[in-house]
Amino acid sequence: MRIDILTLFPEMFEGPLSESILRQAREKGILDVSLVNIRDFALDKHRTADDYQYGGGSGMVMKPDPVLGALESVMADDSKESTAIVLLSARGRLFDQATALEFSRRSRMVLICGRYKGVDERVLGAVTEEISIGDYILTGGEMGAMILVDAVTRLIPGVLGDIESAETDSFYEGILGPPVYTRPEEFRGMHVPEVLLSGNHERIRRWRREQALRVTLERRADLLEKADLTDEDREILREMKTDQ
């Protein structure tokens, strides 16, 4: 996958892109990330990328000419139809695991990092969609872009050593993940559940599913309304609710 990130602060990405899974994905050639400084496309000698709002009001607005200039520079060899052009924006569709999976099937993305009070509305005509990472305000879209890149990249085949690591994550199937344990078997009087030591794969599968449904019911019951539940899942949930 190729991802172009349009930003006023490209240096912010050096750490995240140089460590852990993202670094490995880049070294394998699975992920190709290009950082584009929007200021390089400003039309004045001061490299001005923002200005006051028309009509008054507090807060600066990112100018359309540098943003679109940066976008056109990376799109010169590609078409809008085959590329997701995403503006990180508080007004956007809420980013979730289903959206991450959707984007992971793309071969190309362009991420535009908004700043200040927002991006001039005339940029929106060149964007395929706006994405928000949550109902809160960040200083800029850079942090959101980092989250999006990380969440999407780990779902691309070949990035993780064991694809099951992604397929059993929280939210992958629309519910939260079950409790997990590692060595030692006993720690400060707390023991690993016996079922996980039994070697009985069916019992373990059932236990993990029960625990995942239980924690989802207790902490994020809203997810169960949209999750793709099996008949077994519904029976487990009925038993849990009866026991409450």
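**Strands, bridges and backbone**

Tutor: Let's start with A90, which lies in strand β5. Strands here are DSSP runs of E with at least two residues, helices are runs of H or I with at least four residues, and both are numbered from the N terminus. This is a predicted model, where local features need pLDDT of at least 70, side-chain atom pairs count only at pLDDT 80 or more, and totals for chains, interfaces and linings use all residues. Residues are numbered from 1 along each chain as its sequence is written, and side-chain values use heavy atoms, with hydrogens and water left out.

Student: OK. Is A90 buried or exposed?

Tutor: A90 is exposed, at a relative accessible area of 55%. The cut-offs are under 20% for buried, over 50% for exposed and partly exposed in between, with a 1.4 Å probe and protein chains only.

Student: What does β5 pair with?

Tutor: β5 pairs with β6 in the parallel sense, over five bridges. Two strands count as paired if DSSP finds at least two bridges between them. One of the contacts is A84, whose bridge partner in β6 is M109.

Student: What sort of unit do β5, helix α4 and β6 make?

Tutor: A right-handed β-α-β unit, with α4 covering residues 97-104. Right-handed means that, with the strands pointing away from the viewer, the path from the first strand over the helix to the second runs clockwise.

Student: Which way does β1 run relative to β6?

Tutor: Parallel, and five bridges join them. In that pairing, R2 stands opposite R108 in β6.

Student: How many of the residues of β6 are buried?

Tutor: Six of the six, so β6 is largely enclosed by the rest of the structure. R108, V110 and I112 point one way, while M109, L111 and C113 point the other way.

Student: How many salt bridges does the structure hold?

Tutor: It holds 21. Another joins E121 and R91, at 3.0 Å from N to O. E121 sits in the loop between β6 and β7 (129-132) and R91 in β5 (residues 84-94), so the pair ties together parts that are 30 residues apart in sequence. E121 is partly exposed at 49%, and R91 is exposed at 56%.

Student: Which residues are linked in a network of salt bridges?

Tutor: E202, R205, R206, E210 and E232. There is also a bridge from D231 to R234, with the closest N and O atoms 3.4 Å apart. D231 and R234 both lie in helix α9 (residues 231-243), three residues apart, about one turn of the helix.

Student: Switching to α5. How many of its twelve residues are buried?

Tutor: Nine of the twelve, so α5 is largely enclosed by the rest of the structure. Among the buried ones are M146, L148, V149 and V152. M143 also lies in α5, but M143 counts as partly exposed at 44% relative accessibility.

Student: What about phi at R47?

Tutor: R47 has a positive phi of about 55° although it is not a glycine. R47 lies in the loop between β2 (32-37) and β3 (50-51). R188 also has a positive phi, about 50°, and is not a glycine. R188 is found in the loop between β8 and β9 (190-191), and counts as exposed at 74% relative accessibility.

How values were computed:
Salt bridge = Lys/Arg side-chain N within 4 Å of Asp/Glu carboxyl O.
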